[in-house]
Amino acid sequence: MNRPEASAVMACSHVQIHWKKVKLVKRRRYPFLLLVVLVALATKLVAQQAPKHVVVHAGHLLDVKTGKLLSDQTIVIEDGKIARAGSSAEIKAPADAMLIDLSNATVLPGLIDAHVHLTANPDFITEQLGISIPREALIGAKNARITLQAGFTTVRNVGADGYSDVALRDAINAGDLPGPRMLVSGPPMGITGGHCDNNLLPFEYHATGEGVADGIAAVQQKVRQNIKYGSDLIKVCATGGVVTKGDNPQASQYTLEELKAIVADAHRLGRKVAAHAHGAQGILWATQAGVDSIEHGSYIDDADIAEMKKNGTYLVPTLYGRTWYLANAEKNHIPDFVVAKAKAVMPAARRNVAHAFASGVKVAFGTDAAAYPHGLNAHEFAEMVKLGLSPLQAIQAATVNAADLLGWTGKVGSLEPGAWADIVAVEGDPLKDITTLQRVKFVMKGGEVVRNEYGK
């Protein structure tokens, strides 16, 4: 068969095959249309049957503002927010409500951790040079899920490379993956050679931290750049740190004038400022500059405390992260220079933070998650109680206080009408045993159940 004849046969065969397909479609047309109609009706029926309200019945409910443990309480949830809450004798469940029975549990607002690093893990010192920014974002997706399952429905992420925390926040908000509500800082700001610079590589690599900026004009530009790329707050390193090479945790880094420029631009543009600060001078200058929180506060002294109380500055002490990190340093192959600094800083931090607690400084809950495995955030409560806070004060630090620090009072940190329906439940009374918060049995975020060991 020559080429033209072969082409004609192939064309004819193609027509025959196509005609068979047409007849097949015609035979299947009406069953297919029937299927479409049935699916549409089923979808409409499901939509009509979907509960307009969700009602949580709590055997006990902790009012985190007053410290009262209330019995037999009902919470009515509508469109992901709390519509009504109070005694079950006074609040009746709507007829269309889906009921969640927590009658054997103690209910609290979803917990808030104001100092996490979701895009990092405890081995970040030894592995950070080999992890890409996309990989960090994926690490963050795993850690976000773990953190939410642990009962922390809101976090403040204070430092991440390449705005990976911005991407993570946006993915959670879009419903692409599970995780807590996030406020994020993007790359933390620091001086050349300071705690937030990259000091692990020698000169020939010309490695510099993304947030490095020196001088008033440069720090103003960096604040504006972070906001441009999606940062909800500004994180600034006011002193040296423990896990970085060549800097001193007690030494101040930015000058008072630079810190004032950072805070002025951030506040003017509607962003709060969190200051990493171990040393007393750096704490004082950051507080005088108007930062909203001091992170760590290891060498906090009476002058710092007085200034913080005058300005209403929060202390975010991050106690458990330090405890776990030092205890597991050998297993995690932490470099000797880090261990040496940790052994000097951490005992001093416990003494000084205990003194700050006793002196009445405002405290917000934060753990430095990534210095320990994510999901263990609630171990911070016991550390805070050991250093002098009552169980109620520790819980308030992770609810009403942290909500105030984040600027989300009325949205998170309470179970009042208008707040997002972020709810956790535990067995027992956390006012008597604060470690019950390490064993969360139920988690709801925005009216959706993400963990329930009690059944419906």
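Guide: Let's start with Ala274, which sits in strand β9, residues 272-277. Keep in mind that this is a predicted model.

Visitor: What makes Ala274 count as buried or exposed?

Guide: Buried means under 20% relative accessible area. Ala274 has 0% relative accessibility, so it counts as buried.

Visitor: And what is Ala274 in contact with, leaving aside its neighbours within four places in sequence?

Guide: The list is Arg156, Val158, Leu233, Ile234, Lys235, Val236, Ser293 and Glu295. Take Ser293: 19 residues separate it from Ala274 in sequence, yet their C-alpha atoms are 4.9 Å apart in space.

Visitor: Now for α10. How do you know that its end-to-end span agrees with its number of residues?

Guide: Helix α10 has 23 residues, 336-358, and at 1.5 Å a residue it should span 33 Å. Its end C-alpha atoms are 34 Å apart, so the two agree.

Visitor: Where does α10 bend?

Guide: At Ala349, by about 25°. Ala349 is also one of the buried residues of α10, a set that includes Val338, Val345, Met346 and Phe357 as well. Just past the helix, Gly360 takes a positive phi of about 90°.

Visitor: What covers the buried residues of α10?

Guide: The cover includes strands β10 (293-296) and β11 (314-316), along with helices α8 (302-311), α9 (319-327) and α11 (379-386).

Visitor: Let's look at α9, then. Why is it called roughly antiparallel to α10?

Guide: The axes of α9 and α10 come within 10 Å and cross at roughly 150°. Angles over 145 degrees count as roughly antiparallel, so that is the label α9 gets relative to α10. The crossing is also left-handed.

Visitor: Which residues of α9 meet α10 there?

Guide: Leu319, Arg322, Thr323, Tyr325 and Leu326 do it from the α9 side. Their partners in α10 include Val339, Ala342, Lys343, Arg350 and Val353.

Conventions: Residues numbered from 1 in each chain as written. Predicted model: local features only at pLDDT ≥ 70, side-chain atom pairs only at ≥ 80, totals over all residues. Heavy atoms only, no water. Helix = DSSP H or I, 4+ residues; strand = E, 2+ residues; numbered from the N terminus. Expected span 1.5 Å × (residues − 1). Bend = angle between axes of the 7 residues up to and from the residue. Buried < 20%, exposed > 50% of the residue type's maximum accessible area, 1.4 Å probe, protein only. Contact = heavy atoms within 4.5 Å. Axes fitted to C-alpha atoms, helices over the stretch in contact; angles between N-to-C directions. Parallel < 35°, antiparallel > 145°, perpendicular 65-115°, else oblique. Left-handed = near helix turned anticlockwise from the far one by under 90°.
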